[in-house]
Amino acid sequence: MKYVDEYRDQKLAETLAAEIRRTVTRPWAIMEVCGGQTHSIVKYGIDYLLPKEVELVHGPGCPVCVTPLEMIDRAHAIARQPGVIFCSFGDMLRVPGSTSDLFQVKASGADVRIVYSPLDCLKIAAANPSKKVVFFAIGFETTAPANAMAVWQAKAQGIRNFSVLVSHVLVPPAITGILESPDNRVQAFLGPGHVCAVMGYREYEPIAPRYRTPIVITGFEPLDLLEGTLIAVRQLEQGRAEVENQYARAVDADGNTDAQNMIHRVFEVCDRAWRGIGIIRRSGYRLKDEFRDYDAEQIFELGPIHAPEPAICISGQVLTGLKKPHDCPAFGKECTPQNPLGATMVSAEGACAAYYNYGRHLVALPSAMGKA
Amino acid sequence: MSLSFTLSCPVPVNQHKSIVLGHGSGGRLTAQLVRELFLPAFDNPALRKLDDQAVLNVAPGRIAMTTDSYVVTPLFFPGGDIGRLAVNGTVNDLAMSGARPLYLTAAFIIEEGLLLGDLERVVHSMAQAAADAGVAIVTGDTKVVNRGCADKLFITTAGVGLVPDGISISASNAQPGDAVIVSGPIGDHGITIWSTREHIDFTGSLQSDTAPLHALVEAMIAAGDVHVLRDPTRGGLGTSLCEIASSSSVGVELEANAVPVREEVKAACEILGMDPLFVANEGRLVAMVAESSADAVLQAMRGMPEGRDACRIGRIVAGHAGMVLVNTEVGGSRILDVPFAEQLPRIC
Amino acid sequence: MCLAIPGKIVEIQEKSCMRMGRIDYGGITREACLEYIPDPRIGEYVMVHVGFAISKVDAEEAARTYQYLAEMNQLEEIAAPEPPPETAP
């Protein structure tokens, strides 16, 4: 596959790893923001190519992990309503709410369907005029243009039996929130490549110097992640703190203005709760008032949903890099990928799941760390 | 005054376009279905007797037996159908012990309303698959359930085969030093089914790899020292490797770059965010073979149509017993874990 | 929100008042919405996320980055010490 295979070249990966080894002189903690980057790091074993001085801290960039429990419970409650066809990306199906996941909701008789594009929902709505089609619109800014288009098209085409349950989150406030924490130990970020393909990276330009933290906009293939890490390490070693764009083949500074325009036509910024972290101001999108007929939260009046997190779960502190999963008393015991207590253990790119596999690997093959 | 009658007796409908409950009642409709569809399609001496059981001559020795249920939807997909899948899947389960497959049973649970034409298509496909594999379907059963109580058609099979003397092939027989070999590219079946069922509008040559593998297995055993055979169906190659590592208490080292995946399957997996290692196959096997005979076994495999793309993908080691370690495409390392449930597509 | 795959535009058409394209990912093709690509051309590569093209792949930038990595690799090979001569067993 063009523009994919070249970025998985082993010789070039070794070259980049060697250059990182040559450049680094002291320990650095670098956070990759995006869940897809975490997935890639785990899948390709990128940690094992890096010198021990470079620690990759897995960040909160996985909407599966940060969608608040209250919102998951709301989704399940809507799915259980008679006459509803509940549509979701595959990622959300196994995320546990307070009492169940969407698979169990489906097993109890609800019509729950996986979709691959928000536009699929419009087709389902047109084919099922007597049903209410609800789409679980999660994601970062990358997915917002697609979700916005679905709502825009629904209104333009007069589709009345479609609505969205919105739980969009934004990256820059999350990064700022992490940097504001007194216990923050993240020293550089690998910025979210596809979020920036949509939004550009202008918003990050004031953040880097203000917090003296390099932000390297990075792609998702192994060579992207290694090159992004190298650029971050160089900045750290040289005492610089700038935004640099490693992912120039897909990202430019201003991003996709057509996509941004559509986002702003349909959504407005709002406060958003992040699972395990709490409310971060102006860190989410909600539908604008003129689209309230498409807002599932308003259509399905379920009242307040109180969803306390399991007291033992510290996923919020893990997501922001403040604590390591090993600090959690349940990690690896009551809470494992097979029996997750929190969202960060559910998905393969959740920080806790990633650390869990890394830890088992160290036990299985301690010499693996000798590679770097 | 005389009245003229035109008698019109409401006799039961004799010709059906779709399956009705009566076809599973055991009465005349059932007998008609057996007589007009199953018997001519599967024809063999045991079946012709239409007894409650098939009485078969089996040479003395060890018998391999297996059972499986087939519930795939859609019933028909590029490269095959539920019937072909049922025959090949049963044959392959037997073949993975080194057994020569001999006889199959076929029990049908049919949802009321299934088009008779669809059932005929499935049955004829089974008959062809059985002929291709050299096995006989010697006994069967038919039940019909109310609409909504089954998803069109379920097929349950049992299979019986003979294991030649001296053969001992089992998931617990892998030994450190063994070569790990796969018979061909992985992921074709699962991606084809997923994209067909979900109406994902891929165009390209995606199709199921369903095929009988017993002839391939026979050639492999004749060529060298085969310790383990597994056909990686649901759960994919990755799950099979994890299970074998656990059963044999050995470590598996897998070379990611060596695992064959067709370009179309790779592209589909990239788009869906799925890992080909955990996508189902229906016409592939993975083998652990003594290193000393690995080259000979590979050569034998490549001489057969089902094994022409056979290749080494890794090795068995004594360390990290029970674990599969992947040497990744870029020289990194990761542990392969069995997914909790079926792999799902992702956007994240 | 992270999974976006590069593919080549092989067809462009209007459907339900949206500009749609057929995208070739190397052996298989699939439809994607091109509304966010202002001037799509057949043969160009785009990054596709949840059925929407969100940016074009800048072929020159891709080539430049790759060239830089390849040169770094060559320098690495020149700089690497010679392996020690094999000793007889």
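These questions and answers concern a predicted model.

Reader: Which strand order does the open sheet of chain A have?
Author: The sheet is open and holds 5 strands. Their pairing is parallel. The order is β2-β1-β7-β8-β9.

Reader: Which are the edge strands of this sheet in chain A?
Author: An edge strand pairs on one side only.

Reader: Which residue of β7(A) stands opposite A:Glu32?
Author: Strand β1 (residues 28-34) of chain A runs parallel to β7 (residues 188-192) of chain A. The two are joined by 3 bridges. Opposite A:Glu32 stands A:Leu190.

Reader: What angle does helix α2 of chain A make with β1(A)?
Author: Helix α2 (residues 35-44) of chain A packs on the sheet. It touches β1, β2, β7 and β8 (215-218) of chain A. Its direction relative to that of β1(A) is about 120°.

Reader: At what angle to β7(A) does helix α11 of chain A run?
Author: Helix α11 covers residues 222-238 of chain A. It lies across β1, β2, β7, β8 and β9 of chain A. Its angle to β7(A) is about 145°.

Reader: Which strand of chain C gives the most to the side that touches chain B?
Author: In this interface, 12 residues of chain C are in contact with 15 residues of chain B. One strand of chain C gives 3 residues to that side, the most. That is β3 (residues 29-33).

Reader: How many residues on that side of chain C are nonpolar?
Author: The side touching chain B also has 3 polar and 2 charged residues. The nonpolar ones number 7.

Notes
Residues numbered from 1 in each chain as written. Chains lettered and ligands numbered in written order. Predicted model: local features only at pLDDT ≥ 70, side-chain atom pairs only at ≥ 80, totals over all residues. Contact = placed C-beta atoms within 7 Å. Helix = DSSP H or I, 4+ residues; strand = E, 2+ residues; numbered from the N terminus. Nonpolar A, V, L, I, M, F, W, Y, C, P; charged D, E, K, R; others polar. Pairing = 2+ DSSP bridges. Axes fitted to C-alpha atoms, helices over the stretch in contact; angles between N-to-C directions.
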